[in-house]
Amino acid sequence: MESSCISKLLGFRQIAQEKLQHIFYSIPSEKDLIIEPALIKPLEHVCGASWLRKKGIDKIFKFDPKNPPPKRKQFVYFITSNLLTFKSVLDQISGYQSQTSSLMEPDMRNKQFHVLVLPSVLASFEHLLEEEGLHGVVELYNFQWDFLQLDESILSLELPNVFADVFVRKDTTPLGSIAQSIRIFNLVMGKPHLVFSLGENAEKILQMVQRMECNSKQGKENIKAGPMEAKDPEYAAMLILDRDRDYPACLLTPVVYCGLLLEIQNLNSGSLSVDGDSNKIKLGKLAFLQQQPDRTQPESTTKQEATSLRMSGTQDMIYLEHRYRHFSEVISLLSAQAKSLGLEGKAYTREMKLQEMKDYVTNKLPKVAAAKKELFKHLRLCETIVEEIGANFEKHQMIEESILTNTNRKQIMNYILELLSSDAHKYNTLRLICLYHVTIGLTGEDMTKLMTAFLNAFGYRYLAVFYNLFQARLFPDTTNLSKTKILSQISIPTMKTPFQIEANKLKQLPTDANESVPTAGSDRDGGLAGVSSGGINVGGKACSSYVFNGNYIPLVTQLTHMIFAASSFDNLNTRLGHLERLKVSGRVLQGSNQPSVDTFASPKTIKELSASSHKAALNQLFPLQVKTMFIFIVGGITYAEIAACHLLERTLGAKIVLSSDRIIAGHDLIESAVNC
């Protein structure tokens, strides 16, 4: 089953190629492709330049609003569904049109300009097209590549701005595109028997998927069962989760290597930028807090060449070996590898015979040089991590632990205010404030202090930022502050906050339970089971909380664990029945008659199903004979969650595939809300 599953996951690339090929074939004769820079890396997962040329693409240009390429043939633009980007494209097309003779009428049958929009053409695009007077001149196309495989068991839709659109602006337009991709997933992999959804948007996505499946079946005559019912599913269960259901897993600072890489550099479709001159920490700090380069040094020594690192275990063996290790162990292991490579490079001796010299120079030396080059990238990244966050890392971890356990409130507030006055970072400081609010809750007095300190540091033009954070439930409401409201927000300090009560029910806080957490032995394949202060054990078992230094287990990991560990549906009801937003659907709840709208029962809570006629069928599914699950997080997934789930996967002998609209860090989440 595993080999067939892997081949089917690779099939998503072929589906995307078929979609793209169909569009290109519908545009006659040769054409030039102009692609938005942010889409170049994702498109590499679908096809290469040689494939594009075979489909009629002559030249490929990066889209630059200020420097349009020379008009030679038909132009095919490939952009995201951003209205400002589309306006820039239309301005460029209008410029080309003005260069032609005004007496010549455009040939409507053979349009010269075509625009592919990822993931779909918005209604505002059509209106803008008419306003610009280009209706009939420009042809619009929808294109969506569905799931891109970034690494083994990691898929991504690579859709931009989903968190900002859905959770901040409350615009649910991207949910339709996600639902369409989930539907394609069900067609390829088979619809799971059990589908769990946690969150309002996750539930909406499943409802859209059901409507799409229903409409598809009604369009097929004389077919009693669709393809999803005809085949056994590759995954026993599916879990769709909203990002706002577990903000701490995104706001906490991870300790695993792959998670810290995203804290420093930007990720684009699995490719990490390696730039020694700029990173997320430097760009987020105030200018006067930046360490200025030494002007006495030559420019060649102060500037480092920007490269990229593919965060894929199939393409980078060094990354594969260290990606899930605690960062404290990675540095020493990389240093040992550098020494061994140095010894291999000195293996050449004059005593070698001529044939041995030839073989060494031809085969061994290039491999050693290539390995050194890749190792140098990782060493540069480790050096950057130590320089930027190493000095304050231990104290920051202690503060995050205090926030999770609701202790030392005064110390937490003093730490945040100290950061804003001496080491302010535009996004990471807000990230800590948001974590404080989500887990403990900000009083009116604390909220005023923190807002004032942040605005004094970065300027009052950022006042609207706090409203955006409030929309995403990351900050209190600041719009209607009155005496009564402020008094209602002031709470008497309690031993347990609502967050802690909920997290303790799901056993997400090992430290809050005052359990001993001894370290485990190292694991030779990826270091999942531990390193010093990283591979945490709880009750003699490897604990997924190691990704946050033993302080917190991501919600998605705990839900997956409880579903896999449930001995019956009644047992699952005992563990997860208190989650009112956790809904269940899937093949087990569908009728066997001719498909209709009524056949697709709406998702129900576990408590509702435990008292329904479906209980017997559900009990037959548990315990899951084959522990396989597909997980999708709406609004972004973090590498800490991926690492925790992969530890669970290996502990239980399960198979878990994780996916989202994109892979993010806490910095990216806050940045998207700030710039919304």
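In strand β18, which residues point one way and which the other way, and are they buried or exposed? Please proceed from there to the neighbouring strands and the aromatic residues.

Author: The model is a predicted one. In β18, Lys-655, Val-657 and Ser-659 point one way, while Ile-656, Leu-658 and Ser-660 point the other way. The residues on both sides are buried. Strand β18 spans residues 655-660 and is mostly covered, with six of its six residues buried. In a regular strand, side chains alternate between the two faces of the sheet.

Two strands pair with β18. Strand β17 runs in the parallel sense to β18, and the pairing comprises six bridges.

Strand β17 leads on to the aromatic residues. The ring centres of Phe-185 and Phe-630 are 3.9 Å apart and their planes lie at 25°; because planes under 30 degrees apart count as stacked, this pair is stacked. The two residues belong to distant parts of the chain: Phe-185 lies in helix α7 (residues 173-189) and Phe-630 in strand β17 (residues 628-634), 445 residues apart. Phe-185 has a relative accessible area of 0% and is therefore buried. Phe-630 likewise counts as buried, at 0% relative accessibility. Both residues belong to one aromatic cluster, whose members are Phe-12, Phe-147, Phe-185, Tyr-235, Phe-630 and Phe-632.

Phe-630 also has a place in the largest nonpolar core, which has 178 residues. The residues with the most contacts inside this core are Phe-78, Trp-145, Ile-178, Leu-474, Leu-576, Phe-630 and Tyr-639. For Leu-474, the residues touched include Phe-163, Tyr-247, Leu-251, Cys-434 and His-437, when residues up to four places away in sequence are not counted. Leu-669 and Ile-670 are also among the residues that Leu-474 touches on that basis. A second, separate core has 21 residues, including Tyr-77, Val-115, Val-117 and Val-137.

Tyr-77 provides a contrasting ring geometry. In the model as a whole, the count comes to 28 aromatic pairs. One of them is formed by Phe-63 and Tyr-77, with 6.1 Å from centre to centre and 80° between the planes, an edge-to-face arrangement. This pair too links distant parts of the chain, since Phe-63 is in the loop between β2 (57-62) and β3 (74-80), whereas Tyr-77 is in strand β3, 14 residues apart. Phe-63 and Tyr-77 are both buried.

Rings also take part in arrangements with a charged group. The charged end of Lys-71 sits over the ring of Phe-75, 5.5 Å from the ring centre. The charged end of Lys-71 sits over the ring of Phe-113 as well, at 5.3 Å from the centre of that ring.

In helix α23 (residues 498-505), the buried residues are Phe-499, Gln-500 and Ala-503. These residues cover an arc of only 95° around the axis, so they lie on the same side of α23. Their cover includes α10 (248-251), α17 (393-405) and α19 (428-439). Just after α23, Lys-507 takes a positive phi of about 55°.

Methods
Residues are numbered from 1 along each chain as its sequence is written. This is a predicted model: local features need pLDDT of at least 70, side-chain atom pairs count only at pLDDT 80 or more; totals for chains, interfaces and linings use all residues. Side-chain values use heavy atoms; hydrogens and water are left out. Rings of Phe, Tyr and Trp (its six-membered ring) pair if their centres lie within 6.5 Å; planes under 30 degrees apart count as stacked, over 60 as edge-to-face and the rest as tilted. Helices (H or I, at least four residues) and strands (E, at least two) are DSSP runs, numbered from the N terminus. Buried means under 20% relative accessible area, exposed over 50%, partly exposed in between (1.4 Å probe, protein chains only). A charge sits over a ring if NZ of Lys or CZ of Arg is within 6 Å of the ring centre and within 35 degrees of the ring normal. A nonpolar core is a set of buried Ala, Val, Leu, Ile, Met, Phe, Trp, Tyr and Cys residues joined through side-chain atoms within 4.5 Å. Contact means heavy atoms within 4.5 Å. The arc is that of the directions from the helix axis to the C-beta atoms. Two strands pair if DSSP finds at least two bridges between them.
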